[in-house]
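We will go stop by stop.

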Amino acid sequence: MSEGLSISRRPAPPGTRVVAVVGEVDLDTVPRLADALRQALTCVPLPRTLVVDCSGLEFCDCTGLSELLRARRTAQAAGIAFRLAAPSRQVAHLLELTGADTAFETLPRAPAPDSGRSAYQRPVTGRGTRRPSFRIPRPARPDRVDMRMKTEALVVEASGQVADGLWQMSSGETTLARVTAEHLAQAVGPPGEQLELPSIERLERLREGLAHMAMAIARTHGQLAWFLARTTEALTPVLHWRTLTADRAQSFGTVVPTPAELADAEDAIRLLHTALDEMSTAAHQGTGEALPDTSA
């Protein structure tokens with residue numbers, strides 16, 4: 001349940017617009033964030049820099065991250081620098097977990113009206129820059145490895161690119177996405193069905209799903225290949241799992257997955273199946289062509 005969200009504009013140096021986000025961004029409140037970012041990027045005069053002050057943002061889910069990524073793309077297209085300021089621990093964790101920390105430039109604090117340009121032109125994160133001191137240490141062996149969350153963030157970003165017209169799937173991509181979706185659905189069944197299987201068979205099915213993804217990557221190039229490569233990367237813990245007993249000298253660094261980790265990976269595969277199926281269907285509807293028969 002959302003605890004609410006408030007968004008306000010803060011005083012800033014000339015040429016900079018600061019939008020402060022306080023509270024929680026989730027499925028219920030994300031439309032307000034989207035409206036505020038849209039207004040900040042379109043009101044006249046246009047800013048040279050838009051800073052989203054996240055110091056009061058207590059929670060942000062993948063829908064909120066999607067809106068931030070969408071606003072960043074809009075800002076880039078308009079020649080506006082887009083930065084996040086003082087992400088809370090949860091937001092910093094989400095950025096790191098999904099790999100979005102390399103996409104955003106981050107400031108330690110929002111620029112004050114008299115801080116001058118240098119204070120907001122020196123990011124502390126982003127590609128090739130220093131990580132912030134408030135990074136959250138990850139436990140050596142978490143109960144859940146968050147594969148579904150990583151996959152969800154990638155799916156949200158890919159769906160946004162398709163919706164914005166930045167990714168126009170070719171007929172070959174559409175067919176391959178649909179075939180891969182069907183293979184993933186066959187590899188990993190419904191949750192109730194999977195829970196009845198022994199761990200070794202659940203792991204076999206997960207690796208079968210990864211094999212289908214690898215074959216799809218080998219058969220295409222461009223955005224579909226990149227998307228599948230990133231989702232495969234999110235699922236790489238599966239490759240380090242085993243279910244057979246082995247002493248340390250024989251295990252090659254593999255570990256036995258917990259039931260929660262198996263379920264997390266299976267949920268990620270199901271989410272990817274749904275996303276690929278919906279993306280391929282939407283692409284065919286956009287062309288007005290009939291869906292190809294892939295059952296043969």
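Start with Arg205 and Glu201. They form a salt bridge (a side-chain nitrogen of Lys or Arg within 4 Å of a carboxyl oxygen of Asp or Glu), with the closest N and O atoms 3.5 Å apart. The two are four residues apart in helix H8, so about one helical turn separates them. Helices here are DSSP runs (H or I, at least four residues), numbered from the N terminus. Glu201 has 28% relative accessibility, so it counts as partly exposed; that class lies between buried, under 20% relative accessible area, and exposed, over 50% (1.4 Å probe, protein chains only).

A note before moving on. This is a predicted model, where local features need pLDDT of at least 70 and side-chain atom pairs count only at pLDDT 80 or more, while totals for chains, interfaces and linings use all residues. Residues are numbered from 1 along each chain as its sequence is written, and side-chain values use heavy atoms, with hydrogens and water left out.

Glu193 sits in helix H7 (residues 191-195) and Arg205 in helix H8, so the bridge ties together parts 12 residues apart in sequence. Glu193 is partly exposed, at 38% relative accessibility.

Next, select Glu233 and Arg230. Their salt bridge has its closest N and O atoms 3.7 Å apart. Both lie in helix H9, three residues apart, so about one helical turn separates them. Now pick Arg202, Glu266, Asp267 and Arg270: salt bridges that share partners join them into one network. The structure holds 13 salt bridges.

Stay in H9 (residues 223-234) and select Thr231. Is Thr231 buried or exposed? At 0% relative accessibility, Thr231 is buried. A polar atom of its side chain lies 2.9 Å from the backbone oxygen of Leu228. Beyond neighbours within four places in sequence, Thr231 is in contact (heavy atoms within 4.5 Å) with Thr151, Leu154, Met213 and Leu272.

Now the interior. A nonpolar core is a set of buried Ala, Val, Leu, Ile, Met, Phe, Trp, Tyr and Cys residues joined through side-chain atoms within 4.5 Å. The largest one has 33 residues; Phe227 and Trp241 are among those with the most contacts inside it. Helix H10 (259-287) is one of the elements giving two or more residues to this core. H10 gives the most, with 10 residues.

Last stop: another core lies apart from this one, with 30 residues, including Val25 and Cys54.

Methods
A polar contact is a pair of N or O atoms within 3.5 Å; within protein, one must be able to donate a hydrogen and the other to accept it, and residues adjacent in sequence count only if both atoms are side-chain atoms.
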